[in-house]
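Work through the exercises below with the sequence and coordinates at hand. Each task is followed by a solution in steps.

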Amino acid sequence: MKASKAAYKPVGMAMGILGGLLAGAVFKQAWKRLAHEDEAPDATDESRSWREVLGAAVVQGAIFAGVKAAVDRGGATAIRRLTGTWPG
């Protein structure tokens, strides 16, 4: 295993946890602004329509994917700066 890959493992794990927390907070705020509601609909909430549930899931997925990509890219860039090689 390359040194840059080994160095990236703990950084990647920590960044993943922080990224998940950040993405959850971003989604919560985005949902409040988009739907003017405090809570996103739960998939098993019988009173919510398919459109509401799937719309919330799509927005949440997009936010989580975007935050994950930003966190992964930032972590890889930091490792390259520290070790001189890309951890890929």
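**Exercise 1. State the number of residues in α2 and compare its span with the expected one.**

Step 1. Helix α2 consists of 34 residues; helices here are DSSP runs (H or I, at least four residues), numbered from the N terminus.
Step 2. From its first C-alpha to its last, α2 reaches 49 Å.
Step 3. The expected span is 1.5 Å times one less than the number of residues.
Step 4. For α2 that expectation is 50 Å, and the span in the model is close to it.
Step 5. After α2 comes Gly 84, with a positive phi near 90°.

The model is predicted: local features need pLDDT of at least 70 and side-chain atom pairs count only at pLDDT 80 or more, while totals for chains, interfaces and linings use all residues. Residues are numbered from 1 along each chain as its sequence is written, and side-chain values use heavy atoms, with hydrogens and water left out.

**Exercise 2. Classify Ala 69 by accessibility and give its distance from Glu 39.**

Step 1. Ala 69 is placed in helix α2.
Step 2. The relative accessibility of Ala 69 is 46%, so this residue counts as partly exposed.
Step 3. Ala 69 and Glu 39 are 30 residues apart in sequence, and their C-alpha atoms are 25 Å apart in space.

**Exercise 3. Find the salt bridges of Arg 48 and explain what the pair with Glu 37 ties together.**

Step 1. Searching the whole structure gives 4 salt bridges.
Step 2. In one of these, the closest N and O atoms of Glu 37 and Arg 48 are 3.1 Å apart.
Step 3. Glu 37 and Arg 48 both lie in the loop between α1 (3-35) and α2 (50-83), so their pair ties together parts that are 11 residues apart in sequence.
Step 4. Arg 48 also forms a salt bridge with Asp 45 at 4.0 Å, N to O, and another with Glu 52 at 3.5 Å.
Step 5. Check the accessibility of each member in turn:

- Glu 37: 26%, partly exposed.
- Asp 45: 29%, partly exposed.
- Arg 48: 22%, partly exposed.
- Glu 52: 30%, partly exposed.

Step 6. Not counting residues up to four places away in sequence, Arg 48 touches Glu 37, Glu 39, Pro 41 and Val 53.
Step 7. The C-alpha atoms of Arg 48 and Asp 38, 10 residues apart along the chain, are separated by 15 Å.

**Exercise 4. Describe the backbone and accessibility of His 36.**

Step 1. His 36 lies in the loop between α1 and α2.
Step 2. Its phi is positive, about 55°, although His 36 is not a glycine.
Step 3. With a relative accessible area of 71%, His 36 is exposed.

**Exercise 5. Which residues make the nonpolar surface patch, and what is its area?**

Step 1. Patches are made of residues with over 30% relative accessible area and no salt bridge; like charges are joined within 9 Å and nonpolar side chains (Val, Leu, Ile, Met, Phe, Trp, Tyr) within 5 Å.
Step 2. Accessible areas come from the Shrake-Rupley method with a 1.4 Å probe, and for residues only the protein chains shown count as cover.
Step 3. Ile 17, Leu 18 and Leu 21 make a patch of about 350 Å².
Step 4. Ile 17 lies in helix α1 and is exposed, with a relative accessible area of 58%.

Note on methods:
A salt bridge is a side-chain nitrogen of Lys or Arg within 4 Å of a carboxyl oxygen of Asp or Glu. Helices (H or I, at least four residues) and strands (E, at least two) are DSSP runs, numbered from the N terminus. Buried means under 20% relative accessible area, exposed over 50%, partly exposed in between (1.4 Å probe, protein chains only). Contact means heavy atoms within 4.5 Å.
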